[in-house]
Amino acid sequence: MLVNLQAVEQFDAFEERYFPESRETIRALGNVYGLSHLSKTGEVTISCFRGNDPNDFGQMLVHETSHGFIHRYKTKAQLPNWVDEGMADLIGAEMVPASMVVRNRELKAIQQLNQQRSLGGMFKAERIEGWQYGAASNLNRFLLQSNRQNYVRFVESLKDGMKWEEALRDAYHSTPDELLSEYGRRINVPDLRP
């Protein structure tokens, strides 16, 4: 079900009434245009409001719809949040190339990674922080560009219930440390830590 609201006040009121548990997510991320609510029974509710930029709205709508698709794809196994958010951002950026939201987030994230030399615990986070969205999409982009078939195998393994470290080893013949080292070199942060 898609609920498209006209103003942020309507969005906030809808979330407050039907999904009060989302308040923490909205507060933590700030500037939220939309959310996907995924149930254990497979139902998906996407709530959003338009905002001011039709391209950014389109990107966000594709992003949130991607969460619903990924949730229902094959099994109900959940992807790690950094994979799920990173993939949804990539899909949104690909489908709505006129939106610069994802590219801008990635550039800011790389600047932050350069300063702090760490992903800030993104691999273990149940819900990544706002700045980590750019790191997640850029890392997923790196995996996808490294080898598309391996990326598909990685995601398929995750949906089959494999832990991400095992899926990475199976698909890319790589450990998390090796991934971090290769990705760090790509973004000129060779000493990048998890």
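1. Helices (H or I, at least four residues) and strands (E, at least two) are DSSP runs, numbered from the N terminus. Just after helix α8, H173 takes a positive phi of about 55°.

2. The model is predicted: local features need pLDDT of at least 70, side-chain atom pairs count only at pLDDT 80 or more, and totals for chains, interfaces and linings use all residues. Residues are numbered from 1 along each chain as its sequence is written, and side-chain values use heavy atoms, with hydrogens and water left out.

3. Helix α8 covers residues 164-172. Its residues W164, A167, L168, A171 and Y172 are buried (under 20% relative accessible area, with a 1.4 Å probe and protein chains only). Seen down the axis of α8, these buried residues fall within an arc of 100°, so they line one face of the helix; the arc is that of the directions from the helix axis to the C-beta atoms. They pack against α4, α6, α7 and α9 (176-186).

4. The axes of α8 and α7 (residues 148-159) come within 8 Å and cross at roughly 145°; axes are lines fitted to C-alpha atoms, for helices over the stretch in contact, and angles run from 0 to 180 degrees between N-to-C directions. Contact (heavy atoms within 4.5 Å) is made by residues including F154 and L158 of α7 and W164 and L168 of α8.

5. Helix α4 (residues 81-95) and helix α6 (residues 132-146) have axes that come within 7 Å and cross at roughly 80°. The two are therefore roughly perpendicular to each other (65 to 115 degrees). Among the residues making this contact are W82 and M87 of α4 and Y133 and L143 of α6.

Note on methods. Angles under 35 degrees count as roughly parallel, over 145 as roughly antiparallel, 65 to 115 as roughly perpendicular and the rest as oblique. Buried means under 20% relative accessible area, exposed over 50%, partly exposed in between (1.4 Å probe, protein chains only).
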